Amino acid sequence: MINITLRQLQVFEAVARHLSYTRAAEALHLSQPATSMQIKQLEEVAGIPLFEQFGKKIYLTEAGKRFHPYCQNIIQQLNDAETMLANLNGTHGKLTICVASTAGYFMPPLLAEFCKQYPNTQISLNVTNRETLLQLLANNEMDIAIMGRSPDGHDLEAVSFMENPLVVIAPISHPLAKERNIPMSRMAQETFLVRESGSGTRTAMEQFFAEHKITLTTGTEMSTNEAIKQAVQAGMGLSILSRHTIQLELDTHRLTVLDVENFPIQRHWYVIHRKGKHLTTVAQAFKEFVLENIRAESVFPS
Ligand code: PGA
């Protein structure tokens, strides 16, 4: 293994291109003796002359001619690698965001806003439930996550940015629809459609009723908020979902929120990443964007 240095390659490439020590030295901001010295050392390491001089002119030897394209390749590769790193550290990189399924209702419009500011960033949005999100975080498979309560016992950095009220939803024609301050105990007489286990909404709902010592009758389990909303509209039961998932149904009078004592269950949204994770420039910008721009008023205007 011969010990050619990068500096020697750069100097060789410049001298070979200009066929002049003086012009190569100028281009490299080196003195002419320093330039000649680098070539001399390179030739010593190579064990063969790379340039020859006739009169005032220098020429590449056969070895120099053959060596030159390798040199150009190496320098090109290095430049490409540098550009790639600079891009990663700039705004051309890729940003992988994973959000809890419920956050899928407010993230896309906000992402649209973010994309306008960072048009060169390639964004991948993964919408999944809380349990899968935690796995992805543990495997370092994302830059940033948006989810409910930061889990205990994980090495995560979590900042809360918005409230996430969970409400009792019912079809518009439900007998309790017009009642005020419905006692929690009354909920025990209803059937509740629930999200799949692993869902943050489901866990929060179970904890809340357990704390209030109320046993709920649970009906069909469904893995999406959409399916639950359709089933509640169709009269299969009540449910508890984030207020952020039902704006359209409230606007179009397909669902109503029951006024139940102690509701809403007040959760929060967090922007989360692994502690000590190196955030790319764009991931850091996204985190700041979320913390500065997402407000309850913009997500569900009253
Ligand atoms: P979910 O998550 O969509 O899995 O219910 C919401 C949350 O984390 O609060």
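In this predicted model, helix α1 (residues 6–18) and helix α4 (residues 62–88) approach with their axes within 9 Å and cross at roughly 120°. α1 is therefore oblique to α4. An axis here is a line fitted to C-alpha atoms, for helices over the stretch in contact, and angles run from 0 to 180 degrees between N-to-C directions. Angles under 35 degrees count as roughly parallel, over 145 as roughly antiparallel, 65 to 115 as roughly perpendicular, and the rest as oblique. Helices (H or I, at least four residues) and strands (E, at least two) are DSSP runs, numbered from the N terminus. The crossing of α1 and α4 is left-handed, a term used if the near helix is turned anticlockwise from the far one by less than a right angle; the crossing is right-handed if the turn is clockwise.

On the α1 side, Leu6, Leu9, Gln10, Phe12, Glu13, Ala16 and Arg17 meet Gly64, Phe67, His68, Cys71, Gln72, Ile74, Ile75 and Leu78 of α4. The residues of this contact comprise nine nonpolar, four polar and two charged. Contact means heavy atoms within 4.5 Å. Ala, Val, Leu, Ile, Met, Phe, Trp, Tyr, Cys and Pro count as nonpolar, Asp, Glu, Lys and Arg as charged, and the others, Gly among them, as polar.

Is glutamate 13 buried or exposed? Glutamate 13, which lies in helix α1, counts as buried at 9% relative accessibility. Buried means under 20% relative accessible area, exposed over 50%, and partly exposed in between, with a 1.4 Å probe and protein chains only. Apart from its neighbours within four places in sequence, glutamate 13 is in contact with His68, Cys71, Gln72 and Ile75.

Residues are numbered from 1 along each chain as its sequence is written. As the model is predicted, local features need pLDDT of at least 70 and side-chain atom pairs count only at pLDDT 80 or more, while totals for chains, interfaces and linings use all residues; side-chain values use heavy atoms, with hydrogens and water left out.

A second pair of helices is α2 (21–28) and α3 (32–46). Their axes are 9 Å apart and they pack at an angle of about 105°; α2 and α3 are therefore roughly perpendicular to each other. Tyr21, Thr22, Ala24 and Ala25 of α2 make the contact with Gln32, Thr35, Ser36 and Ile39 of α3. Four of the residues in this contact are nonpolar, four are polar and none is charged.

Most residues other than glycine have a negative phi, and most peptide bonds are trans. Leucine 19, in the loop between α1 and α2, has a positive phi of about 45° although it is not a glycine. Leucine 19 counts as partly exposed at 39% relative accessibility. Histidine 29, in the loop between α2 and α3, also has a positive phi, near 55°, and is exposed with a relative accessible area of 73%.

The next topic is the aromatic side chains. A search of the whole structure finds twelve aromatic pairs. Rings of Phe, Tyr and Trp (its six-membered ring) pair if their centres lie within 6.5 Å; planes under 30 degrees apart count as stacked, over 60 as edge-to-face, and the rest as tilted. Two of the pairs are set out below.

| Pair | Distance of centres | Angle of planes | Type |
|---|---|---|---|
| Phenylalanine 114 and phenylalanine 286 | 5.2 Å | 80° | edge-to-face |
| Phenylalanine 208 and phenylalanine 263 | 5.1 Å | 70° | edge-to-face |

Phenylalanine 114 in helix α5 (residues 107–117) and phenylalanine 286 in helix α10 (residues 281–293) link distant parts of the chain, 172 residues apart. Phenylalanine 114 is buried at 0% relative accessibility, and phenylalanine 286 is buried with a relative accessible area of 1%.

Phenylalanine 208 in helix α7 (residues 200–211) is 55 residues apart from phenylalanine 263, which lies in the loop between β10 (255–257) and β11 (265–274). Phenylalanine 208 is buried at 11%, and phenylalanine 263 is buried at 15%. The peptide bond from phenylalanine 263 to proline 264 is cis, with omega near 0°. Phe12, Tyr21, Phe51 and Phe67 form one aromatic cluster.

Leucine 50, in the loop between α3 and β1 (51–54), counts as buried at 3% relative accessibility. Its contacts beyond four places in sequence include Phe12 and Phe67.
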